[in-house]
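Colleague: I am new to this structure and would like to learn how to read it. Please show it to me, and then take the features one by one.

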Amino acid sequence: LIAAAERSVAGQGAGGELRSRVHALNILRHLFLDTTLAKEVAAFIPDALILTIKGFAADSWAVRNSSTLCFSVLLNRAMGGGTKRMSFTPGEFFLRYPTLCPGLLARLAVATANLEPGNGANAGQEEMHPELQPVLVLLSNLAPSQHVRDDLAHLAAFVPPVRQCLAHRNEMVRAMAARALVSFIPAASAPTAIDATLLGALRDPPPLTSPHAFRNNNLVHGFLEATRRLVRHQCGAPDLC
């Protein structure tokens, strides 16, 4: 089913193949929705998540729609399923689904490839990539960490591309990126992160007479929102505040 749903993910196949992909996605959605099959289908969650994230960028509306519905079910199932979802930190989540980490990083890299790096005046002014929303939704559902184990240091690779999204012109992208960033910055590292990569990056604003004086308002908002969330999380940690 996953192979059938993955075929020609850009939507370039013939009509029959397109219908097969849509049917495969819908069948997958019902399989993951069935709680009696939770244990049997758990091993396929990483591949199915990457598949549905790619489907957000499909040319066909039917594939995009089926991918959206399937992604919603998969996200709930990946977080424990049932009426009460569990709260996983990034370390716990990717230990549970180790093969998902490189695939998700790859999709995040694709989704942020068209964003201008750095804090330039044009940062974040590009159109939103279709795959960016589901990736940020998934990451923003992870719980903040208190500490990061040495064997999970590779998860820091999520921070630069997520931080890049803080300057996006879409307000919801900035809000989701701020939530996701908190999950990957331990409470003990929050003061350093705020000083070095957030507020510290705003210390030299352009003069008001500059033509670029008000072109980085999105960046300022995104950095302040991430700082607010980091401070709120840190003050909620009893061993730190």
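Modeller: Start with burial: a residue is buried when its relative accessible area is under 20%, exposed when over 50%, and partly exposed in between, using a 1.4 Å probe and protein chains only. By that rule, 44% of the 241 residues of the protein chain count as buried. This is a predicted model, in which local features need pLDDT of at least 70 and side-chain atom pairs count only at pLDDT 80 or more, while totals for chains, interfaces and linings use all residues. Residues are numbered from 1 along each chain as its sequence is written, and side-chain values use heavy atoms, with hydrogens and water left out.

Colleague: How many helices and strands are there in the protein chain?

Modeller: Helices (H or I, at least four residues) and strands (E, at least two) are DSSP runs, numbered from the N terminus. The protein chain has 12 helices and 0 strands. Its pattern along the sequence is α-α-α-α-α-α-α-α-α-α-α-α.

Colleague: What share of the contacts join residues at least 24 apart in sequence?

Modeller: A contact means heavy atoms within 4.5 Å. Among contacts between residues at least 6 apart in sequence, 70% join residues at least 24 apart.

Colleague: How should I read the nonpolar core, and which residues touch the most other members?

Modeller: In soluble globular proteins, nonpolar side chains tend to be buried together. A nonpolar core is a set of buried Ala, Val, Leu, Ile, Met, Phe, Trp, Tyr and Cys residues joined through side-chain atoms within 4.5 Å. The largest one here has 63 residues, and Phe93, Phe94, Leu104, Leu139 and Phe158 touch the most other members. Helix 10 (residues 171-184) supplies the largest share of this core, 8 residues. As for Leu104, leaving aside neighbours within four places in sequence, its contacts are Ile50, Ile53, Phe94, Val135, Leu138, Leu139 and Phe158.

Colleague: Ile50 and Ile53 are on that list. Why is helix 4 described as largely enclosed by the rest of the structure?

Modeller: Helix 4 is described that way because 9 of its 11 residues are buried. Those residues are Ile45, Pro46, Ala48, Leu49, Ile50, Leu51, Thr52, Ile53 and Gly55.

Colleague: At what angle do the axes of helix 4 and helix 5 cross?

Modeller: Axes are lines fitted to C-alpha atoms, for helices over the stretch in contact, and angles run from 0 to 180 degrees between N-to-C directions. The axes of helix 4 (residues 45-55) and helix 5 (residues 61-78) cross at roughly 145 degrees and come within 8 Å. On the helix 4 side, the contact is made by Ile45, Ala48, Leu49, Thr52, Ile53 and Gly55. On the helix 5 side, the residues include Ser67, Cys70 and Phe71. Ala, Val, Leu, Ile, Met, Phe, Trp, Tyr, Cys and Pro count as nonpolar, Asp, Glu, Lys and Arg as charged, and the others, Gly among them, as polar. The residues of this contact divide into 10 nonpolar, 3 polar and 2 charged.

Colleague: How do I read aromatic pairs?

Modeller: A pair of aromatic rings is described by the distance of the centres and the angle of the planes. Rings of Phe, Tyr and Trp (its six-membered ring) pair if their centres lie within 6.5 Å; planes under 30 degrees apart count as stacked, over 60 as edge-to-face and the rest as tilted. By this rule there are 6 aromatic pairs. Phe88 and Phe93 have ring centres 6.5 Å apart and planes at 50 degrees, so the pair is tilted. Phe158 and Phe184 are stacked, at 5.0 Å centre to centre and 25 degrees between the planes. Phe158 sits in the loop between helix 8 (132-140) and helix 9 (159-164), and Phe184 is in helix 10, 26 residues apart.

Colleague: Which residues form the aromatic cluster?

Modeller: Phe88, Phe93, Phe94, Tyr97, Phe158 and Phe184 form one aromatic cluster.
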